[in-house]
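Reader: I am new to reading protein models, and I would like to go through this one slowly. Could we take it one question at a time?

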Amino acid sequence: MVQCYWNELACKAFDSFVELEFPTLEDSARWAGSEDYGRLLDVRSRAMRLTLFAIE
């Protein structure tokens, strides 16, 4: 069972999630904008819908 108390992003409930941890916010931005990750975007967008955010 999933209970959502706040949904400020107006997204549907999550079926699953992946948490990635980076040493700094700048490192996470570098990863999100990297060429390596960019090559995966087409496959990822066909495989799932995504909400991506950073928390410092």
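Author: Accessible areas here come from the Shrake-Rupley method with a 1.4 Å probe. The model is a predicted one, and by this method the protein chain exposes about 5700 Å².

Reader: How many helices and strands does the protein chain have, and what percentage of its residues is buried?

Author: In its secondary structure, the protein chain has two helices and zero strands. A residue counts as buried when its relative accessible area is under 20%, and among the 56 residues of the protein chain the buried ones make up 5%.

Reader: How far apart are the closest N and O atoms in the salt bridge of arginine 30 with aspartate 27, and where do the two residues lie?

Author: Both residues belong to helix α1, which covers residues 25-32, and because they are three residues apart there, about one helical turn separates them. Side chains of opposite charge can pair when their charged atoms come close. In the salt bridge between arginine 30 and aspartate 27, the closest N and O atoms are 2.2 Å apart.

Reader: Is arginine 30 buried or exposed?

Author: The cut-off for exposed is a relative accessible area over 50%. Because arginine 30 has a relative accessible area of 53%, it counts as exposed.

Reader: Which residues are linked in a network of salt bridges?

Author: In helix α2 (residues 35-47), glutamate 35 and arginine 39 are four residues apart, so about one helical turn separates them, and their side chains meet in a salt bridge at 3.1 Å, N to O. Aspartate 36 and arginine 39 are three residues apart in helix α2, again separated by about one helical turn, and their salt bridge has an N to O distance of 2.3 Å. The residues linked in this network are therefore Glu35, Asp36 and Arg39.

Reader: Which element gives the most residues to the lining of the largest pocket?

Author: The largest pocket holds about 1200 Å³ of space, and of the 31 residues that line it, the closest to its centre are Val18, Leu50, Thr51, Leu52 and Phe53. The elements that give two or more residues to this lining are α1 and α2. With five residues, the element that gives the most is α1.

Note on methods: Residues numbered from 1 in each chain as written. Predicted model: local features only at pLDDT ≥ 70, side-chain atom pairs only at ≥ 80, totals over all residues. Heavy atoms only, no water. Salt bridge = Lys/Arg side-chain N within 4 Å of Asp/Glu carboxyl O. Buried < 20%, exposed > 50% of the residue type's maximum accessible area, 1.4 Å probe, protein only. 1 Å grid on protein atoms, 1.4 Å probe; cavity = no way out; pocket = protein on both sides within 12 Å on 5 of 7 lines; lining within 4 Å. Points joined across faces, edges and corners; volume = space filled by probe spheres on them.
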